[in-house]
Amino acid sequence: MPSSTINDADRQPSTEGSGSADEDPLLHIKKCLALFPDNLGDKLAAFKAKVVSAESILILTHDYPDPDCIASAYGVSHLLEFWGKTNTTISFGGFVGRAENRAMIRYLNINIIPYVLLEIKDFDCIILVDCFPGRNNVSLPSTTPITAVLDHHYVDNMNNLPFFHDVRCDMGATSTIVTEYLLKAGCYIPTKLATALFYGIMTDTGDMGRDTSIEDIECYRILFDAMDSRLLARIQHPDRDAEFFRIMHRGVESMTVYNNVGHVHLGQIISPDYVGEMIDIFHSLEKIEITICTGIFKKNVFFSIRSKHRDEAGRSAEAIAKALNGGGGGHGRAGAGRIPFTPEQGVTIIDRFIAIFKETFNIADVNGNKIV
Ligand SMILES: [Mn+2]
């Protein structure tokens with residue numbers, strides 16, 4: 001294992017004028033480590049102590065995974081391998097619908113086993129990444145003992161939890177926390193992993209445009225030097241199936257604007273991650289401040305919220321979901337949730353959802369205008 005933490009062999013020659021020939025090549029990383037939390041070493045040691053004696057390790061992400069959780073799981077499995085643990089399995093509930101995320105898994109050769117094919121009792125160590133036990137986006141019985149959790153979503157109460165946890169809601173991505181662990185551990189980050197973690201930070205922060213901390217930016221810079229930008233471009237611009245355009249068409253026809261709040265309803269979708277994909281496109285509509293996107297998948301309303309300038313997306317997602325007996329949350333500029341409904345509620349659920357979000361955003365008396 002090389003001692004360098006970045007992939008020097010694949011690094012492009014720097015065009016920057018800074019730095020002399022004998023400058024320490026790891027100087028930037030050393031500076032970056034100084035920005036990381038003082039207790040990072042303790043956290044890393046505590047995490048290692050919890051997992052290193054396990055026989056069989058499961059790394060689980062949230063259902064319908066996004067690049068941040070896929071990269072985080074991939075990074076944790078690499079760190080475990082660095083510590084001599086080769087018996088790890090990465091898994092998630094649901095499936096990957098979004099073309100970019102499928103491309104990421106394919107081009108980076110990330111080995112993922114669907115949750116339905118696993119026997120939980122086969123594992124003596126379960127690590128959750130980018131999610132927290134008990135949330136409605138994790139496919140795991142509530143009684144299953146958890147070993148460790150790495151996450152950046154807000155959690156109400158973290159007192160007296162029986163598992164290791166590093167939950168930092170001021171981080172834009174769990175990939176940042178995992179990158180810090182890899183750097184602190186002195187673990188080599190190969191090109192493909194660097195590409196994955198870079199893409200994880202990039203997507204969760206909307207290209208560094210929202211919910212970004214100084215640590216996200218520093219990790220992003222380090223990973224930029226170590227990743228493969230051509231590979232990243234292939235992931236970002238995958239071929240799409242016709243269903244993508246049919247769903248987008250329905251979104252355009254449905255989009256309704258209430259003052260500066262836009263709502264897009266995608267109808268029945270073949271995968272819940274279309275909601276997160278489409279909202280980022282529609283949120284670019286001029287004069288829009290807040291965008292809400294909904295879609296129906298397997299008797300659930302899946303929804304996402306984006307906010308351009310006000311840090312209220314996650315809080316609003318949580319409040320709206322709660323009012324309709326679902327679950328939701330997120331960050332300042334991006335939130336999401338899921339609301340289960342019965343067949344009897346089926347015809348009215350979207351109308352009720354609209355009434356609740358109009359109340360939440362103080363537009364209850366505003367009539368909407370379609371964009372087409
Ligand atoms: Mn995330």
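Predicted model: local features only at pLDDT ≥ 70, side-chain atom pairs only at ≥ 80, totals over all residues.
1. Two packed helices are described by the angle between their axes and the distance between the axes. The axes of H11 and helix H12 (residues 349–360) come within 10 Å and cross at roughly 140°. H11 is therefore oblique to H12, since an angle would have to be over 145 degrees to count as roughly antiparallel. The crossing of H11 with H12 is right-handed. On the H11 side, the contact is made by Ser316, Ala319, Ile320 and Ala323; on the H12 side, Ile356, Phe357 and Thr360 take part.

2. Strands S10, S11 and S12 are among the seven strands of an open sheet with mixed pairing, in the order S11-S12-S10-S9-S8-S7-S13. Its edges are strand S11 (327–330) and strand S13 (369–370), each of which pairs on one side only.

3. Within this sheet, strand S7 (residues 256–258) and strand S8 (residues 261–268) pair in the antiparallel sense, over three bridges. Tyr258 stands opposite Val261 in S8. Helix H9 (residues 242–254) packs on the sheet and touches both S7 and S8; the direction of H9 makes about 135° with that of S8.

4. Two residues deserve a check of their backbone angles. Most residues other than glycine have a negative phi. Asn259, in the loop between S7 and S8, has a positive phi near 50°. Asp130, in the loop between strand S4 (125–129) and strand S5 (148–151), likewise has a positive phi, near 65°.

5. Are these two residues buried or exposed? Asp130 has 30 other C-beta atoms within 10 Å and is therefore buried, the cut-off for burial being 20 or more. Asn259 has 16 such atoms within 10 Å, so Asn259 is partly exposed.

6. The final point concerns the nonpolar interior. In soluble globular proteins, nonpolar side chains tend to be buried together. The largest nonpolar core here holds 56 residues. Those touching the most other members are Ile59, Ile127, Leu128, Ala196, Leu197, Phe198 and Leu223. Leaving aside neighbours within four places in sequence, Ile127 is in contact with Val51, Ile57, Ile59, Val76, Thr147 and Ala148. Apart from this core lies another, of 33 residues, including Ile269, Leu324, Ala336 and Phe361.

Definitions and conventions. Residues numbered from 1 in each chain as written. Core = buried A, V, L, I, M, F, W, Y, C linked by C-beta atoms within 7 Å. Buried ≥ 20, exposed ≤ 12 C-beta atoms within 10 Å, placed from the backbone. Contact = placed C-beta atoms within 7 Å. Pairing = 2+ DSSP bridges. Helix = DSSP H or I, 4+ residues; strand = E, 2+ residues; numbered from the N terminus. Axes fitted to C-alpha atoms, helices over the stretch in contact; angles between N-to-C directions. Parallel < 35°, antiparallel > 145°, perpendicular 65-115°, else oblique. Left-handed = near helix turned anticlockwise from the far one by under 90°.
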